[in-house]
Amino acid sequence: MPHRKTALRLAAPVAVLALALTACGGGDDDSDADAKAGATAAASPSPSGPVSGGDMAQGESATGKVAEDPGQVTYDVVAQKVEVGTEAEAAKAVADAADAKGKVLATAYVKYTHKSGPALTEGSDVHDATTVFADGQRGGVLIGASEDAAGCEDPYDVDSWKQGESHVFCETYVIPANAKSVEVHWSEEDGEPYVWTFPQK
């Protein structure tokens with residue numbers, strides 16, 4: 001796991017620019033995910049619809065399973081809040097300030113609680129399924145931007161995670177400055193996303 005963390009941090013400066021340039025065009029990844037989800041649904045039709053996913057109230061937690069290295073773990077997940085910054089802060093965070101014109105940073109604070117399953121000893125993949133949307137469009141992820149934010153933990157520093165323990169991981173995305181709402185999405189593999197909506201003034 002340490003080599004993965006180092007690789008991510010070394011790649012951050014290049015990735016920040018590339019992702020900022022494609023910040024609001026998003027949808028290719030989601031289209032692939034939707035196609036996979038559709039194929040799964042067709043293969044195993046269910047009269048009651050999706051097993052997971054849906055709109056969540058603020059403070060409401062979702063329960064889902066994640067295939068971790070030692071085995072499947074069930075988590076409670078809740079998007080606690082979203083902090084939206086300024087255009088000036090966004091300009092400082094990206095490699096080329098021009099890429100942040102009309103954009104702001106949105107940092108989602110998400111709490112994950114290990115409910116059942118094996119203890120983890122080499123990190124977790126639970127946060128990989130978290131994304132941030134603005135007015136229905138996926139934002140552009142900003143790698144490494146929230147590692148030092150107050151109240152946020154670096155998921156690659158969590159080497160031991162037992163049942164009953166919780167951690168707060170943050171995801172920072174570049175979104176339009178005039179967005180009316182910010183959504184935090186999290187889903188199980190091949191599942192529909194749980195969505196927490198945070199209206200903006």
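Student: Which residues does Tyr 112 touch, not counting residues up to four places away in sequence? Please describe the surroundings in some detail.

Tutor: A word on the basis comes first. This is a predicted model, in which local features need pLDDT of at least 70 and side-chain atom pairs count only at pLDDT 80 or more, while totals for chains, interfaces and linings use all residues. Residues are numbered from 1 along each chain as its sequence is written, and side-chain values use heavy atoms, with hydrogens and water left out.

Leaving aside residues up to four places away in sequence, Tyr 112 touches Tyr 75, Asp 76, Val 77, Val 126, His 127, Thr 130, Trp 161, Glu 165, Ser 166, His 167, Phe 169 and Trp 186. Contact here means heavy atoms within 4.5 Å.

Tyr 112 also belongs to the largest nonpolar core, which has 30 residues. Such a core is a set of buried Ala, Val, Leu, Ile, Met, Phe, Trp, Tyr and Cys residues joined through side-chain atoms within 4.5 Å. Buried means under 20% relative accessible area, exposed over 50%, and partly exposed in between, with a 1.4 Å probe and protein chains only. The residues with the most contacts inside this core are Tyr 75, Tyr 112, Val 126, Trp 161, Ile 175, Trp 186 and Trp 196. At least two core residues come from each of strands S2 (62-67), S3 (72-84), S4 (103-116), S5 (130-134), S8, S9 and S10. S3 gives the largest share, six residues. Another core, of six residues, lies apart from this one and includes Ala 90, Ala 100, Leu 142 and Val 174.

The strands may now be set in the whole. The protein has three helices and ten strands, and from the N terminus its elements run α-α-β-β-β-α-β-β-β-β-β-β-β. Helices (H or I, at least four residues) and strands (E, at least two) are DSSP runs, numbered from the N terminus. Five of the strands form an open sheet of mixed pairing, in the order S1-S10-S9-S5-S6. Strand S1 (54-56) and strand S6 (137-138) stand at the edges with a single partner strand each, so one side of each has no neighbour in the sheet. Two strands pair if DSSP finds at least two bridges between them.

Within this sheet, S9 (residues 181-186) and S10 (residues 194-199) run antiparallel and are joined by six bridges. Ser 181 stands opposite Pro 199 in S10; the two are 18 residues apart in sequence and 4.2 Å apart in space, C-alpha to C-alpha. Pro 199 counts as exposed, at 63% relative accessibility. Beyond four places in sequence, Pro 199 touches Gln 58, Lys 180 and Ser 181.

The whole structure holds one disulfide, a term for a pair of cysteine sulfur atoms within 2.5 Å. The disulfide joins Cys 152 to Cys 170, with S to S 2.0 Å. Cys 152 lies in the loop between strand S7 (140-141) and strand S8 (166-176), and Cys 170 lies in S8, so the pair ties together parts that are 18 residues apart in sequence. Cys 152 counts as buried at 11% relative accessibility, and Cys 170 counts as buried at 9%.
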